[in-house]
Amino acid sequence: MRNVTPKFSDQELFHLAEKFGTPYFLIDEAALRRTVSELEQAYQDFKGPFRVAYSTKANYNPTVIKTFVSEGIMFDLTASNELYFLLKCGGSSENVIYTSITETMAEYEQVMKLGVRKIVVSSYNGLLNLIEARARVGDDVEVLIRVNPEVSVKAELRFSMKHGKFGVPFDSADEDSAMSLLRKILSTPGMSFEGFHFHLGSQIEDPSCFAVALEKLESFVLGARRELGSFPIRTIDMGGGLPAPYGRTVPTASDFSSQVLGQLNSMIESLGDKFTLIVESGRFLSAESTIMVTRIVNVKKFDETKYVYVDAGYHNLLDSALLKHEYPVEVIPGGSSSPRKSVLSGRLCDALDIFPTSNRSKLGGAEPGKLVVFRDVGAYSFVIGSQFHCQPKPYILMRTTQGSHIVVRKGQDLDELFSEEGGDLTNHKHQ
Ligand SMILES: *Cc1c(COP(=O)(O)O)cnc(C)c1O
């Protein structure tokens with residue numbers, strides 16, 4: 001039985017609403033830590049070393065990063081600014097697996113100078129840039145190749161379609177293929193080949209795509225060794241995509257691992273290498289820990305419809321608006337469900353500012369003054385938020401494992417927002 005979703009008392013939520021204003025985000029530290037152990041347990045029968053990597057882009061709040069640093073896990077970083085955050089939070093570049101999208105020489109040089117050694121390349125030009133950066137820094141680098149296994153993925157976001165943005169195909173007539181990258185890495189002094197990385201999608205609901213991707217990878221490696229001679233596989237990084245529940249039944253971390261563990265263990269035999277397995281995750285590790293608490297500011301009824309207006313909007317949960325993604329919502333304190341259809345409306349003057357709801361949403365008893373809680377909002381939420389409509393950034397709070405509530409990001413006040421938008425500049429007077 002899973003025991004991750006945090007519980008909060010009504011009294012606790014109202015008390016924090018009085019103290020910090022609404023909307024606010026509340027992170028449960030214990031839930032963050034439980035997802036790490038849930039993922040580690042799922043792979044305990046893997047016969048080689050296993051590492052969880054937190055995909056920092058999902059939620060880069062420094063307190064969240066520090067929590068994961070203290071769990072001793074790795075960090076999947078996709079931008080050098082994330083490395084700055086990680087190092088400021090006491091993390092170590094030894095625990096970084098770095099996957100750049102831009103792959104410039106300057107970026108590779110910068111992160112290598114800060115001690116990053118495990119770097120995932122996704123293009124031939126990127127590899128040439130890394131070779132140049134390595135020569136400048138003068139230290140060894142452990143290179144992984146990001147492959148696009150071109151498998152079909154059942155998920156909210158799919159990254160593994162043919163000719164997709166990320167990674168390279170196994171083979172192709174062009175230089176942007178795993179085969180040609182591999183050939184170049186193996187023939188370049190100072191480049192140590194580490195292994196392969198793929199990232200199939202986000203909120204993946206059917207684990208079978210991982211099995212297909214691993215099968216393709218295994219036969220690619222066996223074929224490449226026949227052509228290029230023996231090379232070791234030290235790491236296989238299966239990327240992210242583990243789903244958060246969002247009020248529905250989704251496969252658990254062990255549902256995923258049970259689909260691939262047999263295969264991974266047999267790859268240790270077939271490849272003859274006790275490779276390290278890395279599973280990256282942003283959404284699964286961070287989503288469930290966090291709620292957003294909003295206050296109902298108005299209701300409006302026509303015939304069968306009841307509009308419920310809250311003081312948050314899609315600027316707080318932009319990702320859900322882009323993906324038309326439903327969070328579990330609940331009125332606090334709840335009441336009997338209304339025969340009318342409830343429409344949960346945000347505060348923005350934009351017809352698109354309606355939160356997706358379904359019959360799973362608990363909007364009964366909605367009246368002004370009550371709260372509406374959005375669950376599972378820890379991933380890709382406030383990190384994508386905006387200040388649309390002059391809306392200052394809300395407070396982010398954390399309930400620690402000791403049960404106290406701490407501020408992990410101060411809410412912005414309106415003067416700060418005004419000033420950050422340039423309101424206090426005096427040197428560019430309107431002509
Ligand atoms: C975003 C990202 C992840 C995390 O994806 P989730 O769906 O949040 O688990 C993992 N790996 C890479 C390379 C990513 O860009």
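**Note on the predicted model: ligand site, domain contact and local geometry**

1. Ligand surroundings. The ligand has 15 residues around it, and the closest are K57, S202, E280, R283 and Y380. The model is a predicted one, and each point below should be read on that basis.

2. The side chain of S202 places an N or O atom 2.4 Å from an oxygen atom of the ligand. R283 takes part through its backbone, with an N or O atom 2.8 Å from an oxygen atom of the ligand. For D76, an N or O atom of the side chain is 3.1 Å from a nitrogen atom of the ligand. S202 and R283 are also listed among the closest residues to the ligand.

3. The phi angle of Q203 is near 55°, a positive value in a residue that is not glycine.

4. Domains. The domain assignment divides the chain into domain 1 (29–285) and domain 2 (288–420). The centres of the two domains, taken over C-alpha atoms, are 34 Å apart. Domain 1 brings 21 residues to the contact and domain 2 brings 22 residues.

5. Area between the domains. The size of an interface is often expressed as the accessible area lost when the parts come together. Between domain 1 and domain 2 the buried area is about 2000 Å², and carbon and sulfur atoms give 59% of this. On the side of domain 1, the residues that lose the most area to domain 2 are E29, Y246 and R283, which together account for 30% of what that side buries.

6. Polar pairing between the domains. What kind of pairing is found between domain 1 and domain 2, salt bridges or polar contacts? The count of salt bridges between the two domains is 0. Polar contact is found for 6 residue pairs across the interface, both residues of each pair being at pLDDT 80 or more.

7. Elements on the side of domain 1. The elements that give two or more residues to the side touching domain 2 are α2 (29–42), α3 (62–70) and β7 (155–158). The largest share comes from α2, with 5 residues. By class, the residues on this side of domain 1 are 8 nonpolar, 7 polar and 6 charged.

8. Salt bridges. Side chains of opposite charge can pair when their charged atoms come close. The model has 17 salt bridges by the rule applied. One of them joins D28 and R399, with the closest N and O atoms 3.1 Å apart. D28 belongs to strand β1 and R399 to strand β18 (residues 395–399), so this pair ties together parts that lie 371 residues apart in sequence.

9. Surroundings of R409. R409 sits in strand β19 (residues 405–409). Its contacts, apart from neighbours within four places in sequence, are N61, K393, P394, Y395 and I396. For P394, the side chain of R409 reaches the backbone oxygen at 3.0 Å. R409 and Y395 are 14 residues apart in sequence, with a C-alpha to C-alpha distance of 5.7 Å.

10. Cis peptide bonds. Two proline residues deserve a look. The bond from T22 to P23 is cis, with omega near -5°, and P23 lies in the loop between α1 (10–20) and β1 (24–28). The bond joining I332 and P333 is also cis, with omega about -10°. P333 is in the loop between β14 (329–332) and β15 (341–345).

Methods
Residues numbered from 1 in each chain as written. Predicted model: local features only at pLDDT ≥ 70, side-chain atom pairs only at ≥ 80, totals over all residues. Heavy atoms only, no water. Domains from an automatic or database assignment. Contact = heavy atoms within 4.5 Å. Buried area = accessible area lost by both parts, 1.4 Å probe. Salt bridge = Lys/Arg side-chain N within 4 Å of Asp/Glu carboxyl O. Polar contact = N/O pair within 3.5 Å; in protein donor to acceptor, adjacent residues only side chain to side chain. Helix = DSSP H or I, 4+ residues; strand = E, 2+ residues; numbered from the N terminus. Nonpolar A, V, L, I, M, F, W, Y, C, P; charged D, E, K, R; others polar. Near = heavy atom within 4 Å.
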